[in-house]
Amino acid sequence: MKNVIIIDGATPQWKGNLHLHTSRSHDSKYHYLDVFDELKSKGYHFCAVTDHEVYWDSEEGHTDTFITLPGVETILKTNVDREWNVDLRRKFIHINAIKDVTRECDKPFKHDERMLRCYDQGLDCMNEYIRYLVEERGQIVQMNHPDWSHMEPEVLMATHNIFAFEVFNSGAMRYAGGQTDDWRWDFCLERGRKLLATAADDSHTYGPDHIECGAGFTMVHTEDFSRYGIVKALKEGKFYASTGPKIYDMRVEDGMLKMQFSDARFVQIVGFGYSSHFSGNRGKSFGALPGQVLNSIEWKIGEKLNYFRVRVVDHQGEVAWSQPVFVDELIEHPPIEGRETRSPSWSFPRYLDEIKEQN
């Protein structure tokens, strides 16, 4: 099994909010500079400004320790003449577009540019709209609050060209009676859909009388604290989601998962593999004894697992979610004569002759 550093304890981590609203949105009354000040007071280093249908691309409010990412939130507009299951009137499909500053784009959105909502014409329409945002308008795209949107897991699994989805959304959880999207995530992962997760506030209200802001965040690990460095890390999957705990280090060494993290009550390794029903190798839970805390774990990775991911839970019930690890990517596969390399298993199926040779 390969040795892999997933989160390097020597690499700086930056706390960010990838989903928020200000008075530039119709449903928030808080000036963006006041919002930035509250984020700074709560230890944030960056945020994506994602007001409804009005694009942000300004450096106003930047300091040496706080930056904004250009962005916007947009919605599939319900087709009242012919409703599709992607966005029936009881549901609202929301996505965030964040400027991909790592590459050139001929038609980038401008600051204060108003966006038109795309009429819902079904799943292909949604995927084409996301493709348009990514390829023609130079964005990276996140799927927002699937639980609040009542999104079927099949729709999430069939969505293309998103870099991540929200496993936790503070507004949905704290105000709308929602729940985390762990189960939708595992539905996709169990079927081989490699999907990464963020956590965000989706803040519309701020100040001491409100509980949205600061409840969910995404930790990005990179040496480069800049717009370019943060976006590059997001595209490379160098981040994890949290509502409180921090993951300091996560790596695979000699077939063992080794992790260090902030004080935790218990840790859940969520794993899945069809063969694991018979081997008992589905994952693992670690718990602290009464009056004690967990700060590290070591766990032998079962080679029959398809994937695993980790939830670190503290004594207040707050959670940090690692990104999923696909075990087949850790396995050293023998080369096949006449073929120097093979594609990663999560991208393309193994060739039938390769499977036969290994059996």
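Reader: Why does Ser25 count as buried?
Author: Happy to start there, and please keep in mind that this is a predicted model. Ser25 has a relative accessibility of 3%, and the cut-off for buried is under 20%. The value of 3% falls under that cut-off, so Ser25 is buried. Ser25 is found in the loop between β2 (13-17) and α1.

Reader: What makes the link between the side chains of Ser25 and His21 a polar contact?
Author: The distance is 3.1 Å, and the limit for a pair of N or O atoms is 3.5 Å, with one atom able to donate a hydrogen and the other to accept it. The pair therefore qualifies as a polar contact. The Ser25 side chain also reaches the backbone nitrogen of His52, at 2.9 Å. Once neighbours within four places in sequence are set aside, Ser25 is in contact with Asp51 and His52.

Reader: How do you know that His19 is buried?
Author: The relative accessible area of His19 is 0%. Buried begins under 20%, so His19 belongs in that class. His19 lies in the loop between β2 and α1, and its side chain makes a polar contact of 3.5 Å with the side chain of His21.

Reader: Why are β7 and β10 said to stand at the edges?
Author: The open sheet has six strands in the order β7-β5-β6-β8-β9-β10, with mixed pairing. β7 (118-119) and β10 (197-200) each have a single partner strand, so one side of each is left without a neighbour in the sheet. Helix α2 (residues 123-136) packs on this sheet and touches β5 (71-77), β6 (94-99), β7 and β8 (139-143). The direction of α2 makes about 145° with that of β8.

Reader: What is the order of the strands in the open sheet of four?
Author: The order is β1-β13-β14-β17, with antiparallel pairing. Its edge strands are β1 (4-7) and β17 (294-300), as each pairs on one side only. From one strand to the next, the twist averages 15°. Within the sheet, β13 (residues 247-253) and β14 (residues 256-264) pair over six bridges. Among these, Glu253 has Met256 in β14 as its bridge partner.

Reader: Which residues have the most contacts inside the largest nonpolar core?
Author: They are Met250, Leu257, Met259, Val267, Phe308, Val310 and Val312, in a core of 40 residues. The elements giving two or more residues to this core are α1 (32-41), β11 (217-221), β13, β14, β15 (266-272), β17 and β18 (307-313). Another core lies apart from it, with 37 residues, including Met143, Met151, Ala199 and Trp321.

Reader: What does Val267 touch, not counting residues up to four places away in sequence?
Author: Val267 touches Phe261, Lys284, Ser285, Phe286, Leu294, Ile297, Val310, Arg311 and Val312.

Reader: To finish, how many helices and strands are in the chain?
Author: The chain has eight helices and 20 strands. Of its 359 residues, 53% are buried. The accessible surface comes to about 16700 Å², and carbon and sulfur atoms account for 49% of that. Among contacts with a separation of 6 or more, 68% join residues 24 or more positions apart.

Definitions and conventions: Residues are numbered from 1 along each chain as its sequence is written. This is a predicted model: local features need pLDDT of at least 70, side-chain atom pairs count only at pLDDT 80 or more; totals for chains, interfaces and linings use all residues. Side-chain values use heavy atoms; hydrogens and water are left out. Two strands pair if DSSP finds at least two bridges between them. Axes are lines fitted to C-alpha atoms, for helices over the stretch in contact, and angles run from 0 to 180 degrees between N-to-C directions. A nonpolar core is a set of buried Ala, Val, Leu, Ile, Met, Phe, Trp, Tyr and Cys residues joined through side-chain atoms within 4.5 Å. Buried means under 20% relative accessible area, exposed over 50%, partly exposed in between (1.4 Å probe, protein chains only). Contact means heavy atoms within 4.5 Å. Accessible areas come from the Shrake-Rupley method with a 1.4 Å probe; for residues, only the protein chains shown count as cover.
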